[in-house]
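Hi,

Here is the structure I promised to pass on. Have a look at it first, and then read my notes below.

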Amino acid sequence: MNKNYYAILMAGGVGSRFWPVSTTEFPKQFHDMLGSGDTLIQKTFSRLAKLIPIENILILTNERYNDLVLEQLPMVKQEQVLLEPAMRNTAPCILYASLKIQKQNPDALMVVAPSDHWIEDEDEFVSNLQQCFDFCQKEDALMTLGIKPTFPNTGFGYIEYDKLDINPIKKVNQFREKPNYETAKSFLEQGNFLWNGGIFIWSTKSITSAFEKFQPQMSALFSQGNESYNTITEKDFISKNYANAENISIDYAILENAKNVYVLPATFDWNDLGTWGQLHEKIDKDENNNGVINAKVILENASNNIIRSDANKIIVVDGLHDYIIVDKEGILMIYPKSKEQDIKRITGLANEL
């Protein structure tokens, strides 16, 4: 294990499109979404721990999830859990973690990874991550792992690189916003576009320098805490100052402005598990393409459904096709897969009842 390798595990999201399983109090990263025996954050932690010392893996999350993190990751110490006192998107928390790590180890290289993604070939992931660490050790580079698109997805941002670049690690031309369907199709046809999977690699020196250049106000705000980081006064500094940071993503704040951004096209299977439909793709299905998680079912004239239940009951489905069926405590949802993006709206309506 290389003591200069660090990881930031992003675990603050709510995952509202996985309602009613994922809720504000208990979001999807803390659930065993695939029925594998491990929650998503547990899977992500163990994957990173194949390359990174356990004590160098920090978890960034909201204050309300502190107990959940420590319960699900008992090998983690409290000081490894960085608590956000306010929701401020990804740029402020990444800067905070980077400065904290840099003070501890000026030679640190770090990966920033979401806690709720599904990666099947973990050895290939580790190999790709090692390749990125090696590159960032030698170069002043801000790196991302790009995902080779398998269909014209309109729910992801895209990374464009030079078609003529034959190097395994490619210079990024530009980041592209979530496209409409026709634009996404053209991206796939051109062949030099990757999905932005939100996995970033860099040295603490490179990323803090980028913040100084492109986000001087935010850099100045968090640099005031340099004396406090890794001491008993860190929590007090963060609680007083964190909410003053701009609410902005790392993509907008840094990556879309910097010229030293590189991408490695990933060679592992990846799914961001953002919706019930994407979860349906990853689980085992019967001969009629029905996917079942933690449920006893009788299925007749039913196809392409995903069914999940936390209740000890038999679920009978007849005549339903392309539906999401979720039974969770006081909620039963029977909802068309074609409208899964509307589940966020339904969550709001349910909260008013």
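Where is the place of proline 20? Proline 20 is in the loop between strand S1 (5–10) and helix H1 (40–48). Helices here are DSSP runs of H or I with at least four residues, strands are runs of E with at least two, and both are numbered from the N terminus. The peptide bond that leads from tryptophan 19 into proline 20 is cis, with omega near 5°.

Before the rest, some ground rules. This is a predicted model, so local features need pLDDT of at least 70 and side-chain atom pairs count only at pLDDT 80 or more, while totals for chains, interfaces and linings use all residues. Residues are numbered from 1 along each chain as its sequence is written, and side-chain values use heavy atoms, with hydrogens and water left out.

On confidence: pLDDT is the predictor's confidence in each residue, from 0 to 100. The chain has a mean pLDDT of 91, and 100% of its residues reach 70 or more. Among its elements, H6 has the highest mean (97) and helix H11 (residues 343–352) the lowest (80).

Most residues other than glycine have a negative phi, and most peptide bonds are trans. Two asparagines are worth a click here. Asparagine 230 has a positive phi, near 65°, and lies in the loop between H7 and helix H8 (234–241). At 35% relative accessibility, asparagine 230 is partly exposed (buried means under 20% relative accessible area, exposed over 50%, partly exposed in between, with a 1.4 Å probe and protein chains only). Asparagine 304 also has a positive phi, about 60°, and belongs to the loop between strand S13 (296–300) and strand S14 (306–309).

Now for helix H3 (residues 90–104). H3 is mostly covered, with eleven of its 15 residues buried. Among them are Cys93, Tyr96, Ser98, Leu99 and Lys100.

Leaving aside residues up to four places away in sequence, threonine 208 touches Ser98, Leu99 and Gln102 (contact means heavy atoms within 4.5 Å). Threonine 208 is buried, at 6% relative accessible area.

How do H6 and H7 meet? The axes of helix H6 (residues 204–214) and helix H7 (residues 216–223) come within 5 Å and cross at roughly 125°. That makes H6 oblique to H7: under 35 degrees counts as roughly parallel, over 145 as roughly antiparallel, 65 to 115 as roughly perpendicular and the rest as oblique. In this contact, Phe211, Glu212, Lys213 and Phe214 of H6 meet Pro216, Met218 and Ser219 of H7.

Lastly, two loop residues. Glutamate 139 is in the loop between helix H4 (122–138) and strand S6 (142–147) and is partly exposed, at 40% relative accessibility. Glutamate 139 and asparagine 260 are 121 residues apart in sequence and 9.2 Å apart in space, C-alpha to C-alpha. Glycine 155, in the loop between S6 and strand S7 (158–161), is partly exposed at 38%. Between the C-alpha atoms of glycine 155 and phenylalanine 211 there are 27 Å, with the two 56 residues apart along the chain.

Cheers

Notes. Axes are lines fitted to C-alpha atoms, for helices over the stretch in contact, and angles run from 0 to 180 degrees between N-to-C directions.
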